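Please read the points below alongside the structure, as a colleague's note for someone meeting this model for the first time.

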Amino acid sequence: MPPRRPKISQTKEPQQARSAELVAAILEAAVQVLAREGIKRFTMARVAERTGASIGSLYQYFPNKAAILFRLQSDEWRQTTEMLRTVLQDGSRPPLERLRTLVRAFIQSECAEAEVRVALDSVAPLYRDAPEAREARAEGDGIIEAFMLEALPGVPQATRDTATDLIMSTMAALGKEFSESPRSAAEIDAYADAMADMFCAYLDALPRKGGWPAGEPSRLSSPERVWSR
């Protein structure tokens, strides 16, 4: 019989402004403890001490440390989904320009939150299969799929699926590896631009490899190619 997983949902949601402020302070303190102490020394007592509240106050809203970690992860999922929606659904900009913006925002986020993200990754099995995790993945996948269809309308579905998997998995893996060392703003910009160049060149080449309707112009970029700027 597999071991029971700890409860990861909040004990209750704050109903008043003061309570909401306390929950926000708890989450901010949790981030600070993770960044300074690491996951092995992450405890409810340390979070309470950093918050300046009694440990009983924490238990009013979170049954255990796993619930705090899950809330941090859930907030990250929401932020990532909102970033995908804001950038990729901006129809006023060419698809490749949107992709470049997404890569830059993603790499900057990876570097800014590297320590906390490593800690959250280490406890991911606690909530990987939670309904909230599945919902977040499904929503993000839908946004990306719609973007790829807009960017590559004449390319076969199987090719678009391969392109999506290649781009997203590469961005995640390389972003994680790159963010594991301290980086300057110039290094982050240069790395993000190089990654975006690679992805944009790949997507722009796909229609010419077959599957693009005869006589239909590419919608990937404006007349001046985005990645040449």
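1. Glutamate 82 has a relative accessible area of 40% and is therefore partly exposed, a class that lies between buried (under 20% relative accessible area) and exposed (over 50%), worked out with a 1.4 Å probe on protein chains only. Its partner is arginine 85, with which glutamate 82 forms a salt bridge whose closest N and O atoms are 2.9 Å apart; the term stands for a side-chain nitrogen of Lys or Arg within 4 Å of a carboxyl oxygen of Asp or Glu. Arginine 85 also counts as partly exposed, at 27% relative accessibility. Side chains of opposite charge can pair when their charged atoms come close.

2. Before going further, please keep in mind that this is a predicted model, in which local features need pLDDT of at least 70 and side-chain atom pairs count only at pLDDT 80 or more, whereas totals for chains, interfaces and linings use all residues. Residues are numbered from 1 along each chain as its sequence is written, and side-chain values use heavy atoms, with hydrogens and water left out.

3. Helix α4, which covers residues 65-88, holds a further pair, arginine 78 and aspartate 75, and because these are three residues apart in the helix, about one helical turn separates them. Their side chains meet in a salt bridge with an N to O distance of 2.2 Å. Aspartate 75, at 17% relative accessibility, counts as buried.

4. Elsewhere, the side chains of lysine 176 and glutamate 180 meet in a salt bridge of 3.0 Å, N to O. Lysine 176 counts as partly exposed at 37% relative accessibility, and glutamate 180 is partly exposed as well, with a relative accessible area of 48%. Salt bridges that share partners also join Arg100, Arg104, Asp189, Asp193 and Asp197 into one network. The structure holds 13 salt bridges.

5. Which residues lie closest to the centre of the largest pocket? The pocket itself has a volume of about 980 Å³, and of the 29 residues that line it, Gln73, Glu76, Trp77, Thr80 and Phe106 are the closest to its centre. On a 1 Å grid over the protein atoms alone, a pocket is an open set of points where a 1.4 Å probe fits, with protein on both sides within 12 Å along at least five of seven lines, and lining residues have an atom within 4 Å of a point. Grid points are joined across faces, edges and corners, and the volume is the space filled by probe spheres set on the points.

6. The elements that give two or more residues to this lining are α4, α5 (95-112), α6 (114-122), α7 (131-151) and α8 (157-179), and α4 gives the most, with eight residues. By residue type, the lining divides into 14 nonpolar, six polar and nine charged, where Ala, Val, Leu, Ile, Met, Phe, Trp, Tyr, Cys and Pro count as nonpolar, Asp, Glu, Lys and Arg as charged, and the others, Gly among them, as polar.

7. Glycine 175 has its place in helix α8 and is buried, with a relative accessible area of 0%. Not counting residues up to four places away in sequence, glycine 175 touches Phe106, Ile107, Glu110, Thr170 and Met195, a contact being heavy atoms within 4.5 Å. Phenylalanine 106 is 69 residues away from glycine 175 in sequence, yet their C-alpha atoms are 7.7 Å apart in space.

8. Glutamate 110, in helix α5, is buried too, with a relative accessible area of 6%.

9. Of its 229 residues, 39% count as buried. Among contacts between residues at least 6 apart in sequence, 70% join residues at least 24 apart.

Methods: Helices (H or I, at least four residues) and strands (E, at least two) are DSSP runs, numbered from the N terminus.
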